[in-house]
Amino acid sequence: MSGTLFVVATPIGNLEDITARALRVLGDVALIAAEDTRRTAHLLARYAIKTPSTSLHEHNEAKKTASLIARLQRGDSVALVSDAGTPGIADPGYHLVRGALAAGVPVVPVPGPSALTALVSVAGFPAERFVFEGFLPSRPGPRAVRLAALAREPRALVFFEAARRLMAFLAAAEAALGDREAAIARELSKRHEEILRGRFSELRDRVARHASLRGEVTVLVAGAPETEPARDVASIDEELRAGRAAGRGLRELAAEIARRTGMSRREVYRRGLALEQE
């Protein structure tokens with residue numbers, strides 16, 4: 001009989017978050033396939049687990065999958081772990097899982113910590129339905145295109161982002177989605193855990209004070225308003241004209257309309273400028 005491939009969630013920071021079942025599995029399997037064996041070694045040492053490990057990361061996963069499946073077929077069970085959280089969620093693991101299933105090897109999840117669900121649970125705004133987008137393109141153009149495609153998505157949006165690109169991400173998200181509510185989490189479950197909540201414009205000011213942010217952050221963004229999904233351009237133009245006739249500033253007016261409709265503030269502002277030139 002073949003062995004079993006266990007997909008094991010590991011702590012995202014605090015090593016006490018490991019489950020009893022995960023510890024048992026890690027101790028019982030013949031081999032641990034780890035994204036980074038050095039990082040996994042800290043967890044194994046903490047709980048005196050002696051199981052040998054081998055590296056399985058994005059650069060060697062396709063190459064090593066065949067040998068791991070062969071071992072599984074010989075009867076050895078293997079645990080798949082990533083650096084933190086659940087394998088396969090913005091982490092390696094897909095090739096091995098798919099290959100194991102194709103070979104008829106049982107694949108069993110061992111659930112546990114996840115930065116995604118941790119942030120959703122404490123965001124403080126509606127996120128019972130959400131879409132996980134992971135990492136967006138790092139280049140401004142492709143990133144803006146992807147965000148624009150999400151502008152009308154009514155479900156909350158979850159992103160992973162490198163801390164060094166967070167300011168650029170927030171500016172691009174505000175331009176494409178409007179000044180929405182969001183929550184940013186860093187160092188989740190660690191000593192210096194921090195969760196920032198507010199609208200994009202507020203968060204950009206607060207993040208700007210953190211000059212030395214490192215690592216990765218998780219960002220949860222409120223979904224597009226569902227109360228006015230069919231608001232057309234003509235009605236927005238009418239509101240812009242009425243607001244300007246009442247003496248309201250265009251920037252303030254554009255920000256208000258963007259918040260309520262989910263349109264890009266920049267798009268609304270440009271429409272206002274165009275109307276004044278007619």
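## Basis

This is a predicted model, in which local features need pLDDT of at least 70 and side-chain atom pairs count only at pLDDT 80 or more, while totals for chains, interfaces and linings use all residues. Residues are numbered from 1 along each chain as its sequence is written, and side-chain values use heavy atoms, with hydrogens and water left out.

Helices (H or I, at least four residues) and strands (E, at least two) are DSSP runs, numbered from the N terminus.

## Helices α6 and α7

Helix α6 (residues 140–149) meets helix α7 (residues 166–177). Their axes come within 9 Å and cross at roughly 45°. That angle makes α6 oblique to α7. Axes are lines fitted to C-alpha atoms, for helices over the stretch in contact, and angles run from 0 to 180 degrees between N-to-C directions. Angles under 35 degrees count as roughly parallel, over 145 as roughly antiparallel, 65 to 115 as roughly perpendicular and the rest as oblique.

The crossing of α6 and α7 is right-handed. A crossing gets that label if the near helix is turned clockwise from the far one by less than a right angle, and is left-handed if anticlockwise. From α6, the contact uses R143, L147 and A148; from α7, it uses A168, F169, A172, A173, A176 and L177. Contact means heavy atoms within 4.5 Å. The residues of this contact divide into 8 nonpolar, no polar and 1 charged. Here Ala, Val, Leu, Ile, Met, Phe, Trp, Tyr, Cys and Pro count as nonpolar, Asp, Glu, Lys and Arg as charged, and the others, Gly among them, as polar.

## Helices α7 and α8

Helix α7 also packs with helix α8 (residues 200–207), at an angle of about 165° and with the axes 10 Å apart. The two are therefore roughly antiparallel. Their crossing is left-handed. On the α7 side, L166, M167, L170, A171, A173, E174 and L177 make the contact; on the α8 side, F200, S201, L203, R204 and V207 do. By class, the α7–α8 contact has 9 nonpolar, 1 polar and 2 charged residues.

## Helices α9 and α11

Helix α9 (residues 233–245) packs with helix α11 (residues 265–276) at about 65°, with the axes 10 Å apart. The pair is therefore roughly perpendicular. The crossing is right-handed. V233, D237, L240, R241 and R244 of α9 meet V268, R271, G272, L275 and E276 of α11. This contact has 4 nonpolar, 1 polar and 5 charged residues.

## The largest pocket

On a 1 Å grid over the protein atoms alone, a pocket is an open set with protein on both sides within 12 Å along at least five of seven lines, a cavity is a set of points where a 1.4 Å probe fits but cannot get out, and lining residues have an atom within 4 Å of a point. Grid points are joined across faces, edges and corners, and a volume is the space filled by probe spheres set on the points.

The largest pocket holds about 780 Å³. Its lining has 34 residues, with I12, R39, D83, A84 and E216 nearest the centre. Helix α2 gives the most, with 4 residues. The lining comprises 15 nonpolar, 10 polar and 9 charged residues.

## The cavity

There is 1 cavity of 30 Å³ or more. The largest cavity has about 60 Å³ of space. Its lining includes L166, I184, H210 and V217. Strands β8 and β9 (194–199) each supply at least two lining residues. By class, the lining has 8 nonpolar, 1 polar and 2 charged residues.
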